[in-house]
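Reader: I have a structure open and want to learn how to read it. Can we go through it feature by feature?

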Amino acid sequence: MTVTVIIPTALRQHTDNEDELKLNARNVSDALKELVTAFPNLKRHLYSESGRLRSFINIYLNEEDIRYKEGESTALKDGDTLMIIPAVAGGAHAPVDDEEHGPKVSFSSSEFARYSRHLIMPEVGLEGQSRLKSASVLIIGAGGLGTPSATYLAAAGVGRIGIVDFDTIEKSNLHRQVLYTEQDIGKSKADIARARLLEINPNIKVEAHKVRLDSSNALEILGAYDVILDGTDNFPTRYLVNDACVLLGKPNVYASIFRFEGQASVFYAREGPCYRCLYPEPPPPGLVPSCAEGGVLGVLPGIMGSIQAAEAIDLILGKGRPLIGRLVLFDALDMTFKELKLRKNPTCSICGPNPTVKQLIDYEAFCGVEEELGAEFEVSPKALKEQIDNGRDVVLLDVREPFEYEIAHLNKAKLIPLGQLAAHVNELDTARPIVVYCHMGSRSAQAVRFLNGLGFKKAKNLKGGIKAWGNEVDPTIQMY
Amino acid sequence: MVIRIGRRTFEEIHAHAESTYPEECCGLLIASSGSKDVVDSVKMRNAFTGPKHDRYHIDPLELFKADREVARRGLTIAGIYHSHPDYPATLSKFDVEHSFPWYSYVVVSVPKGEAGDTRSWLPNQERSSVAEEKIEIHDGMPADNGVSQKA
């Protein structure tokens, strides 16, 4: 394949002042090798001593960064144009390990022993371990993703780890959140995680932020860390974390999980796309179920959280090829990894050249979190119990899936899964009072809205679902 | 080592640095081929997507296009200039790690919005240290060089 390579003006002294060169090559790697064979003085400018293409050299193929294609193995065809472009960046910003701005880190003999398997690898070594010790990572959400990633980052010697979580530990967390035990139920996740991480590695600092992350505190909290790790389970927080990272210029190591499938990427607007480039708008409320509604394989967040920890470490070390511009899709049933290339969206509302989002917004409103039903369309578990005890005529409608119904259901409840409600609505009587329930009250709220729209004015939602019924009325109900 | 900059170009760089304060500005130093005689400058957009008061980034495709235009004029990009709002005109560690040994790096310190101390730095091949280059400002350029003003 005959391709043209365009040399930047500053490098032409090494190419006999040629500005364009014609080469024959099958792929980008071959083309560059042929180029440095013809002009050996170029080699040290394009390649590091270990023979890798320098990270500060951009190679564009027909005006597109090869990082968004197949990298150096991108195939070439006749007439293609390769451009060598220096990545010019800089600024007064002092990194954490800047000698002028902080003491150089040192290690005790106990730390040398602890990190010995890192220290003997050339990619880490003393310099890399020092970088880890000087670095700070904020983990947002100490749940399925946050607990494995925090565990590995603490063990690896990341000097300062922050944990944001205002929640307490529940029994249903324990099948995947392996940092917690039965004795921890009811206690603060951030506090327990902090204590466990310090047991794993007493040489680090761990900061617990027991707050709900929102637009009023996100910039301050995220601003104090080098790398942000998103382990959240809801869209408003995910967009909040993305936007705060873009505004602060920080890398956002992302993962999400559902049932048997996981996704991971690094959203770093300075070098690649952000979350909004991939998903400009959130899905309609209720369309994508959460893990609490849809379930998740316990080991899945262990795998995805570990990927996040590995990415955070790569970013801190400045080694390897981070998941910037790449989305990894993992399937735990088929045991496959797939990779999608992500591109920066030139019209992205926050990281594009003409952003419309210039500060943090109201993310609950942006994601259209489901409005609560009016009080007249809701009934509490205790009120429902009274009605039943008083012999009132109430139709109980269960809109969960059949396997959920098998685990537990209310006495004499009629089962019509939400997805089949439209087809079976004629089985219901508009004149009779109906109380709709599901696991936690979200699907049944959708069902009530749907039924109200069809003229079922007496349909009400059981607030908190069968879970609340179990907590407040009938402790013998099997919880799940 | 000396880098020669025409007074008019030098003043334009200062004006650019003041206009973007408190954010960093960035641009290109244009010289006649193979020399350090800076006859012109080209303002570039600071494409860094985070806070720009202590960072700059030049978009690769914009740099490519500017480089082509410079080549068309028979000139070369001899260096990069950028400003340090409320920070000295020295290269930060980040600057050095992201530098190229074939460019001169001119840094303008902009304390309280007013361009001041301006120094030029030349990185070594390993990007581990820099040596200062003397800036020589001279009059009479660039108009008499037959070079059109501003791409």
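Reader: Let me start with one residue. In which strand of chain B is B:K43 found?

Author: Bear in mind that this is a predicted model. B:K43 sits in strand 3 of chain B, which covers residues 37-44.

Reader: How exposed is B:K43, and why does it count that way?

Author: Count the C-beta neighbours. Burial needs 20 or more within 10 Å, and exposed means 12 or fewer. B:K43 has 19 C-beta neighbours inside 10 Å, so B:K43 counts as partly exposed.

Reader: Which residues does B:K43 touch, leaving out those up to four places away in sequence?

Author: B:H16 and B:G27. B:E12 and B:K43 are 31 residues apart in sequence, and their C-alpha atoms are 9.3 Å apart in space.

Reader: Now the sheet in chain A. What is the order of its strands?

Author: Strands of a sheet pair through backbone hydrogen bonds, parallel or antiparallel. Here the sheet is open, with five strands in the order 2-1-5-3-4 and mixed pairing.

Reader: Which strands stand at the edges?

Author: Strand 2 (20-24) and strand 4 (64-65) of chain A. Each has a single partner strand, so one side of each lacks a neighbour in the sheet.

Reader: In what sense do strand 1 and strand 2 of chain A pair, parallel or antiparallel?

Author: Antiparallel, over five bridges. Strand 1 of chain A spans residues 2-6. For one bridge, find A:I6: its partner in strand 2 of chain A is A:E20.

Reader: What lies across these strands of chain A?

Author: Helix 1 of chain A, residues 28-38, lies across strands 1, 2, 3 and 5 of chain A. Helix 1 runs at about 120° to strand 2 of chain A.

Reader: How many residues does each chain give to the contact?

Author: Chain A gives 31 residues and chain B gives 33. On the chain A side, strand 3, strand 5, strand 6 (89-90) and helix 9 (235-248) each supply at least two. That side has 19 nonpolar, seven polar and five charged residues.

Reader: Which strands pair between the two chains?

Author: Strand 6 of chain A pairs with strand 4 of chain B, residues 56-57, in the antiparallel sense over two bridges. There, A:G90 stands opposite B:Y56.

Key: Residues are numbered from 1 along each chain as its sequence is written. Chains are lettered from A and ligands numbered from 1 in the order in which they are written. This is a predicted model: local features need pLDDT of at least 70, side-chain atom pairs count only at pLDDT 80 or more; totals for chains, interfaces and linings use all residues. Helices (H or I, at least four residues) and strands (E, at least two) are DSSP runs, numbered from the N terminus. Two residues are in contact if their C-beta atoms, placed from the backbone, lie within 7 Å. Two strands pair if DSSP finds at least two bridges between them. Axes are lines fitted to C-alpha atoms, for helices over the stretch in contact, and angles run from 0 to 180 degrees between N-to-C directions. Ala, Val, Leu, Ile, Met, Phe, Trp, Tyr, Cys and Pro count as nonpolar, Asp, Glu, Lys and Arg as charged, and the others, Gly among them, as polar.
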